[in-house]
Protein chains: 2
Amino acid sequence: MARVLVIGANGQIGKHLVSKIKEKGHDPVAMVRKEEQVSQFKEQDIETVLGDLEKDFSHAFENVDTVVFAAGSGPHTGADKTIIIDQEGAIETIDNTISKGIKNFVMLSGLPVDGPKGTGDGMKPYFYAKYRADQYLQDTDLNYTILRPGLLTDKDETGKVQIVEHDEASSDATSGEVPRADVAEVLAHIVDQNDLKSQIYYLIGGDTDIKDAL
Amino acid sequence: MARVLVIGANGQIGKHLVSKIKEKGHDPVAMVRKEEQVSQFKEQDIETVLGDLEKDFSHAFENVDTVVFAAGSGPHTGADKTIIIDQEGAIETIDNTISKGIKNFVMLSGLPVDGPKGTGDGMKPYFYAKYRADQYLQDTDLNYTILRPGLLTDKDETGKVQIVEHDEASSDATSGEVPRADVAEVLAHIVDQNDLKSQIYYLIGGDTDIKDAL
């Protein structure tokens with residue numbers, strides 16, 4: 001059983017994720033920003049910790065075995081929050097993980113196969129921020145997996161996906177859709193397996209059971 | 001005599017800088033974004049190259065000995081341009097420098113001594129962008145100097161400054177003012193001396209002749 005800190009637990013994927021981590025017999029810790037976000041997790045008997053990516057949140061990393069970064073500034077804020085949350089929040093999460101001696105890191109990313117450069121202007125700041133955070137993680141000695149899903153939807157969970165590793169990824173791997181619930185299940189499975197060998201996976205909807213796809 | 005590519009030559013510091021590099025007997029190449037920015041340099045018999053940090057500008061790096069990054073998105077654009085120009089434009093400049101086999105790099109930066117974290121919210125995206133670009137440069141094998149001036153003013157050139165190295169920098173070193181023309185002279189002096197040993201200098205106005213301050 002692992003104690004798993006989920007950064008961004010109140011997000012759309014994060015909420016699914018902490019429940020799924022618990023279902024698999026682990027001990028999730030949901031980091032949330034606001035007091036009023038706590039009760040929904042308490043009702044599920046899930047531990048919470050208050051922490052804000054724009055402040056010092058190093059207290060959240062005590063006695064943690066695995067860190068999952070699933071936070072995002074979302075589409076309703078500007079590029080200032082893209083730098084501060086998606087890039088710098090992720091980088092500080094990595095720094096905290098290292099300084100607390102935690103070894104295992106799972107990054108929820110999201111990037112075109114060809115990198116941020118060819119993307120449309122509107123998405124460039126976001127993809128660059130995610131890219132720099134991923135690169136920062138790749139330059140560490142942490143055991144990590146980076147998951148880059150395609151277009152996220154709110155469709156029902158299917159339990160089936162298609163996963164391609166970084167080197168064999170084609171552009172199909174990021175143009176496809178995938179339900180957020182399936183992304184959460186893939187993340188929970190990665191956490192549960194804990195076989196973090198510096199992989200980058202691209203993820204879209206597909207026909208393969210999640211446990212067989214990885 | 002060195003051939004010196006100045007990225008951001010049309011900026012307030014950049015304009016001073018290319019003239020000063022030429023005065024010191026070197027061969028500046030002014031990279032500018034727009035055709036209408038060319039003539040002011042031609043009148044001074046300064047070579048120009050058209051290049052846009054948001055596109056491929058690798059053609060500008062042919063037969064160059066030293067690269068100076070003096071570009072900035074400026075205060076009139078949003079944080080999206082902060083990522084795309086100040087961070088990613090600088091990083092791509094570094095990448096182009098390396099891939100063309102150029103060894104010498106001078107970075108016009110700007111950062112509080114304590115880093116971006118403690119700065120006010122409005123400046124955070126800018127300082128993080130500059131910080132990540134500086135870090136990227138520090139992780140290369142290039143010969144570099146990073147110059148971090150205090151508050152820039154349009155006051156007359158004094159020829160006198162105060163420079164403190166990174167390790168001995170106090171917060172005075174970034175709260176002080178310094179005229180842009182003096183910053184340009186310091187950059188030109190650094191280019192001319194070409195003694196780039198991975199230094200970080202903080203720069204404010206002072207009483208020491210520039211040639212003695214470095």
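In the predicted model, B:Ile163 stands opposite B:Leu203 of strand β10 in chain B. The strands β8 (residues 160-165) and β10 (residues 199-205) of chain B pair with each other in the antiparallel sense, and 5 bridges link them. Both strands belong to an open sheet of 9 strands in chain B, with mixed pairing. The order across this sheet is β3-β2-β1-β4-β5-β6-β10-β8-β11. In chain B, β3 (47-50) and β11 (208-209) stand at the edges; each has a single partner strand, so one side of each is left without a neighbour in the sheet.

For chain A, the secondary structure comprises 7 helices and 11 strands. The radius of gyration of chain A is 16 Å, close to the 17 Å given by the globule rule for 214 residues, and chain A is therefore as compact as a globular protein of that length. The C-alpha trace of chain A spans about 40 × 35 × 35 Å along its principal axes.

Of the 214 residues in chain A, 55% are buried. Among contacts in chain A with a separation of 6 or more, 72% are between residues 24 or more positions apart.

The surface and charge of chain A were also computed. Its accessible surface comes to about 9,500 Å², and carbon and sulfur atoms account for 43% of that area. Chain A carries 37 negative and 22 positive side chains. The centres of these two sets of side chains lie 2 Å apart.

Note on methods
Residues are numbered from 1 along each chain as its sequence is written. Chains are lettered from A and ligands numbered from 1 in the order in which they are written. This is a predicted model: local features need pLDDT of at least 70, side-chain atom pairs count only at pLDDT 80 or more; totals for chains, interfaces and linings use all residues. Side-chain values use heavy atoms; hydrogens and water are left out. Helices (H or I, at least four residues) and strands (E, at least two) are DSSP runs, numbered from the N terminus. The radius of gyration is taken over C-alpha atoms; the globule rule is 2.2 Å times the number of residues to the power 0.38. Buried means under 20% relative accessible area, exposed over 50%, partly exposed in between (1.4 Å probe, protein chains only). Contact means heavy atoms within 4.5 Å. Accessible areas come from the Shrake-Rupley method with a 1.4 Å probe; for residues, only the protein chains shown count as cover. Lys and Arg count as positive and Asp and Glu as negative; His and the chain ends are not counted. The place of a charge is taken as NZ of Lys, CZ of Arg, CG of Asp or CD of Glu. Two strands pair if DSSP finds at least two bridges between them.
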